[in-house]
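Student: I would like to learn how to read a few features of a protein model. Please take them one at a time.

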There are 2 protein chains.
Amino acid sequence: MKIAVDVMSGDNAPAEIIKGCIKALETCSAKLILVGQKPLIKQELQKYKYNKNMIEIVDCKEVITMEDSPVNAIRTKKDSSMVVGLNLVKNKEADGFVSAGNTGALLSGGTLLVGRIKGVQRPALPVLLPTKKGYTLLIDCGANMDSKASYLQQFAHIGTIYMQEFMDIKKPKVGLINVGVEEEKGNSLTKETFALLKEDKKIRFIGNIEAREISNGKADILVCDAFVGNVVLKFMEGFGSWIFSILKTEFKRSLKTKIAALIMKDGINNLKNKFYYSDKGGAPLLGIKGIVIKTHGNAKEAEICSTILQAESFAKNELIEKLTKNFQ
Amino acid sequence: MKIAVDVMSGDNAPAEIIKGCIKALETCSAKLILVGQKPLIKQELQKYKYNKNMIEIVDCKEVITMEDSPVNAIRTKKDSSMVVGLNLVKNKEADGFVSAGNTGALLSGGTLLVGRIKGVQRPALPVLLPTKKGYTLLIDCGANMDSKASYLQQFAHIGTIYMQEFMDIKKPKVGLINVGVEEEKGNSLTKETFALLKEDKKIRFIGNIEAREISNGKADILVCDAFVGNVVLKFMEGFGSWIFSILKTEFKRSLKTKIAALIMKDGINNLKNKFYYSDKGGAPLLGIKGIVIKTHGNAKEAEICSTILQAESFAKNELIEKLTKNFQ
């Protein structure tokens, strides 16, 4: 088994990406294919001791940047780490591909180069969202800005398989993000989607989930279009950071509050760890014929490592085969 | 000047609503028309000392509940406090109407009974959202679940007038909630809206605002469709409550952390007050030919009072006339 890693993309490339690869080798049994500029990679690898049989390098000259136009970059930068990595998956030379690069380019590339699973209308990009009870899969968070009800219904299936296989939930509860709990609430997309999910025997639909209830973790899977999912995800990050910054200010106000801050250090860290988790891997593009996972642009060692392990686990557990079977 | 108040609607009706009315009389110069079941109102009013010339009662028998279907309730419950109150505004017997009742019914009733301002395609329900810098007007948060770009453009105008008149911002900055800052990002609605706002000389458009940036307060007005606005607003409430509950748990963990909690009491209250503000009034339905304001269903004295004062201020400052002029 081989997992390819885009060593050139992301804010901390290549140093942290390679550090994450070395870390991953401590536990994973798959070989890693480091995709990027060979001289740079070789130089970076000299810092570490590792089993040389477990790392291959695939050389390429270009990098897709965050500023590149997604579809254009995939079409023109044929020798970029991202395109080369995606082609390794397409040609079955790698069992998975991890990248911290340009999300749009990875989504376009995943769909255009690796290709959709037969029967899947649109692949989705789900993210595990922290909640009171653990994690809820928010699907879709980035792939389809203008969705149809039938796409969302397929996301419910994809999410169900994902949560069964990787979060060990036998009958995961599917909720639909909406502005009210009643069936008739929402926009035309959610009303149509509700009607489809209600009749769908393959999933366990529990109805509409108001945004106020998202953090309560009532549903294991929350279905929404990518615009709404992306807004929820990013607003949570921004709003969360703001709350932490207010707390910081309040804790720094006086000598007394600084003492309180010392006492509360573990507590505040518990809180932070709930939101800034790096052990849950990245966001896989699900619905394509290979394993392609996006990690945060600012991912460091821990997150790169957990995403590689996630890719390995997907490959071992035959996620693509299971998804393919569902849509047959 | 007269402001009508729906005394029968909301979780805390009629006691807290009437308490809020009495409180408002301390500062406002408008007379209040209490709309609801007369015997109940008279009984409640006995608890207070107030200038009897400043309160009128308009009797009605029915109440629209939270469970009622909005349009249906407006059509059939003609003698409900909400319909009677809206008709007072329609017939110019009141200069404004405040209700903590069924949002959908108030929106339908406001549009159907009071009627749209000429030129306004759809009225909007904006809410002031707390940010690092103060407050940002999130428009729309509840009125139009399936919006068109031309509606959103009008919301930018309505929001601009609102922030100029009531938040004293001369040239309020308008942002469009989106999934990225670049013009080409988003769904078809935001792409079309961007094109309209960019060319609009009447407003100060500063471009797309990513959800991650909402809490930073870069824009004075954030334009979005009601589905997205409602999700942002409600998710903030739910997520905020969760963070507070985690903090509470952490502060209760041991004797030491309880002492830290005592030290941090003011700080935590500062944080809470940023999110649970009751002094900013309610959410006005803007774009109709009268002043109609929705307060939280669980509003108590302070919020009812500030919403009445808000209605009075709208009337004094001729908000409806200014909006009418914009759309001429």
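Student: Which residues have the most contacts inside the largest nonpolar core?

Tutor: In soluble globular proteins, nonpolar side chains tend to be buried together. A nonpolar core is a set of buried Ala, Val, Leu, Ile, Met, Phe, Trp, Tyr and Cys residues joined through side-chain atoms within 4.5 Å; buried means under 20% relative accessible area, with a 1.4 Å probe and protein chains only. The largest core here has 118 residues, and those with the most contacts inside it are L86(A), L247(A), L86(B) and L247(B). This is a predicted model: local features need pLDDT of at least 70, side-chain atom pairs count only at pLDDT 80 or more, and totals for chains, interfaces and linings use all residues. Side-chain values use heavy atoms, without hydrogens and water, residues are numbered from 1 along each chain as its sequence is written, and chains are lettered from A and ligands numbered from 1 in the order in which they are written.

Student: Which way do the residues of strand β4 of chain A point?

Tutor: In a regular strand the side chains alternate between the two faces of the sheet. Strands are DSSP runs (E, at least two residues), numbered from the N terminus. In β4(A), residues 96–99, G96(A) and V98(A) point one way, F97(A) and S99(A) the other, and all are buried. F97(A) is also among the residues in contact with L86(A) (contact: heavy atoms within 4.5 Å).

Student: What stands opposite V98(A) and S99(A)?

Tutor: V5(A) stands opposite V98(A), and K294(A) of β11(A) stands opposite S99(A).

Terms used. Buried means under 20% relative accessible area, exposed over 50%, partly exposed in between (1.4 Å probe, protein chains only). Helices (H or I, at least four residues) and strands (E, at least two) are DSSP runs, numbered from the N terminus. Two strands pair if DSSP finds at least two bridges between them. Lists of a residue's contacts leave out its neighbours within four places in sequence.
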